[in-house]
Amino acid sequence: MKRLAQKVATRRILFAEVLGIRRSSRSATSVTTLLNAPKPRAPAVLQGQMLAMDKMYKVDRSIFDEDVPLKVVEFSDSRRIQALRQHFEGSLFSRSDLKSYPAFVKPEGGKFRFLLAESIKGAQILLIGCHIYRSPIFPISLRSCVGPDDLTETQRAALRDNDALLIDGVANVTFDSLTQEAILRRLLPDVGEITTRFEQVGHIAHVNLQPHLLPHKYVIGAVLLEKNAALGVRTVVNKTNFIENQFRVLPMEIIAGPDETMVELEENGSKFRFDFREVFWNSRLLNEHRRIVLMCSPGDVVWDMCAGVGPFAVPLARRGCTVHANDLNPACFNYLNQNADLNLGKRKRPNLKTYNMDGRDFIRRLVHDMEALPNPELHRRAHHVLINLPASAPEFLDVFVGLFAPDWELPRVHCYCFAQGEENSEAVRAAALAKIGAALKVDPGFLEEPAWELEVLKVRQTATATTEFCVSFKLHPKICCKDS
């Protein structure tokens, strides 16, 4: 140990280029001195109560700066990794309030390094220099220091036998090193549960803050803005109420960034432009949009009753389907046409026809127009009907009762709906089928007959005990054809 202490006293490591670790300013002449450094003070906590309602609130990044002493096992031969690892692998040091750093570090001079917390007793270990570990967490605060005798004889022998040194360094933890949850916990230490989940819509981060967080919404918005700038977030909005208006538009307020709600984004190979304040959009439905698009074949006829700005209609038209897309919201209708022009060239633009009318009137018009064409028997078909308005979609199904002539090729309907209950519960499935049965004026049990080709798929969990389903079925001629 004397020889090791002499080596340590003459060695200091500069980590400025990797992991923000810089040379310690402490003068240390022995391993004991290195291991008994004082624990760093926690950074000051900003009291958010006075600033919570300030729309101009800006995050003071400097209050999160902290110097953290570390111990380092350094060695030159990569073949020593396994031999050293088995002696210092008690458990990895992990802190949930810190972001991950690269797992493999080979600084200048060809040196490999394990970073150890200051409490070395078999457990508080962070392995960075070993490429077999994935993104370990960089420590922000450490336990009380202990002396070198706390190392086991096996560990001391491992250092000696593998020509490894125990040396010290200082890690500089900054605002960028911390998770956004940890930052908000420091800024708002007394507010209870804090959530930082959001939906990204173009450059907008959309959050649904719980009532107890509303007094601190500008602090939360500012942190989300700072921490997610690399994702392109420039504006943060908060949902202010339930979506209850006719056009299913999100009630919102700006809590950080400029008041700019006109967004551009890409989904499933198509580009979309729209004003998020004027239309409905949910980025969490990306996979469901893709599922439906891939399910349809080129040449299929698709009726999209509540098309929005075109997340189904536009990619379906690009795929070669004939799409009739409708939305009652004039803003959706406007952006639907813009997105069609944006994505469909002259050859495919005729694949998409747009309408701005009530959903039931839209279906009746399509049936009437197709039966009025010459040789109507050639046009009496539709392959899929999409009704993506889960709050009330089942109510629109009554339009199909007795609507079609007997020679129609009846479509398969994909009806989205909400149901209250636990996920995967039979009661939830039964509740969804009850809504559809009521609209079609049939017993829900009748929907289970093979002729309906019934399929019930969970789309997402929208809130506690609320599930969105897609109920798909082929319209039954006994219910939907005239004189049946």
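## Labels and their grounds

Analyst: Leaving out residues up to four places away in sequence, Arg365 touches Tyr355 and Met357, where contact means heavy atoms within 4.5 Å. Arg365 is found in helix 10; helices (H or I, at least four residues) and strands (E, at least two) are DSSP runs, numbered from the N terminus. The model is a predicted one, in which local features need pLDDT of at least 70 and side-chain atom pairs count only at pLDDT 80 or more, whereas totals for chains, interfaces and linings use all residues. Residues are numbered from 1 along each chain as its sequence is written, and side-chain values use heavy atoms, with hydrogens and water left out.

User: Why is Arg365 called partly exposed?

Analyst: Buried means under 20% relative accessible area, exposed means over 50%, and partly exposed lies in between (1.4 Å probe, protein chains only). Arg365 has a relative accessible area of 42%, so the intermediate label applies.

User: What makes Glu193 exposed?

Analyst: Its relative accessible area is 63%, and therefore Glu193 is classed as exposed. Glu193 sits in the loop between helix 5 (180–187) and strand 6 (199–201). Apart from residues up to four places away in sequence, Glu193 touches Arg185, His212 and Leu213. Leu213 is 20 residues from Glu193 along the chain, and their C-alpha atoms are separated by 8.7 Å.

User: How do you know the length of helix 9 agrees with its number of residues?

Analyst: The expected span of a helix is 1.5 Å times one less than its number of residues. Helix 9 (residues 330–343) has 14 residues and should span 20 Å; its end C-alpha atoms are 20 Å apart, so the two values agree.

User: What caps the N-terminal end of helix 9, and which elements cover its buried residues?

Analyst: The cap is Asn329, with a side-chain oxygen 2.9 Å from the backbone nitrogen of Ala331. The buried residues of helix 9 include Ala331, Cys332, Tyr335 and Leu336. Among the elements covering them are strand 10 (262–267), strand 11 (270–275), helix 8 (313–319) and strand 13 (322–326).

User: What makes a set of residues a nonpolar core, and which members of the largest one touch the most others?

Analyst: A nonpolar core is a set of buried Ala, Val, Leu, Ile, Met, Phe, Trp, Tyr and Cys residues joined through side-chain atoms within 4.5 Å. The largest has 46 residues, of which Trp303, Leu397, Phe400 and Phe404 touch the most other members. Elements supplying at least two residues each include strand 12 (301–304), helix 10 (359–372) and helix 11 (426–440). Helix 11 gives the most, with 6 residues. A second, separate core of 37 residues includes Trp281, Val323, Ala325 and Tyr416.

User: How many helices and strands are there, and how much of the protein is buried?

Analyst: There are 12 helices and 18 strands, and buried residues make up 51% of the 484 residues.

Key:
A polar contact is a pair of N or O atoms within 3.5 Å; within protein, one must be able to donate a hydrogen and the other to accept it, and residues adjacent in sequence count only if both atoms are side-chain atoms.
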